[in-house]
Amino acid sequence: MTDEAAIPAFRRGVKFRFDAVRDAWVLLAPEKLFMPDEIAVEILKLVDGARSIGAIVDDLAARFDAPRELIASDVIAALDDLSARGGIQL
């Protein structure tokens, strides 16, 4: 389980952007394309290489008026998955 003090960042060569052709947010990595779901998009919009996982959780919990524990488990699971796939580093 990832620590909330960890600061996620996109790996070198990875870009997160809106793709007008697909009309969707995509995470582009060398020889890979990820199509994140709506929840992952909101998380990835906050990944800036300076903000901790805890700060991302706090922001999302406040914005969506949701229990912090639920948001934390979703954020950590999503970031752990993207880290394992090579999209971000923790």
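Predicted model: local features only at pLDDT ≥ 70, side-chain atom pairs only at ≥ 80, totals over all residues.

Biologist: What span should the 17 residues of H3 have, and how far apart are its end C-alpha atoms?

Modeller: H3 covers residues 68–84. At 1.5 Å a residue it should span 24 Å, and its end C-alpha atoms are 24 Å apart, so the two agree.

Biologist: Which residues of H3 are buried?

Modeller: Ile71, Ala72, Val75, Ile76, Leu79, Leu82 and Ser83. Viewed down the axis of H3, they fall within an arc of 135°, so they line one face of the helix.

Biologist: Why would a helix do that?

Modeller: An α-helix has 3.6 residues a turn, so residues three or four places apart point the same way.

Biologist: What do the buried residues of H3 pack against?

Modeller: Strand E3, helix H1 (38–44), helix H2 (53–64) and strand E5 (88–89). The face turned away from the buried side carries the exposed residues Glu69 and Ala84.

Biologist: Switching to E3. How does it pair with E2?

Modeller: Antiparallel, with five bridges joining E2 (residues 15–19) to E3 (residues 24–29). Arg17 has Val26 in E3 as its bridge partner. The hairpin of E2 and E3 has four residues between the strands, and Asp23 takes a positive phi near 55° there.

Biologist: And E3 with E4? How many bridges?

Modeller: Three, again in the antiparallel sense, with E4 at residues 32–34. Leu27 stands opposite Phe34 in E4. Two residues separate the strands of this hairpin, and Glu31 in the turn has a positive phi of about 60°.

Biologist: Now charges. How many salt bridges does the count come to?

Modeller: Nine. One of them joins the side chains of Arg63 and Glu42, at 2.8 Å, N to O. Arg63 lies in H2 and Glu42 in H1, so the pair ties together parts that are 21 residues apart in sequence.

Biologist: Is Arg63 buried, exposed or partly exposed?

Modeller: Partly exposed, with a relative accessible area of 42%.

Biologist: Which residues are linked with it in a network of salt bridges?

Modeller: Glu42, Lys45, Asp48, Arg51 and Asp59 are linked with Arg63 in that network. Asp59 and Arg51 meet at 3.9 Å, N to O. Asp59 is partly exposed at 27% relative accessibility, and Arg51 is partly exposed at 26%.

How values were computed:
Residues numbered from 1 in each chain as written. Heavy atoms only, no water. Pairing = 2+ DSSP bridges. Expected span 1.5 Å × (residues − 1). Buried < 20%, exposed > 50% of the residue type's maximum accessible area, 1.4 Å probe, protein only. Arc of directions from axis to C-beta. Contact = heavy atoms within 4.5 Å. Salt bridge = Lys/Arg side-chain N within 4 Å of Asp/Glu carboxyl O.
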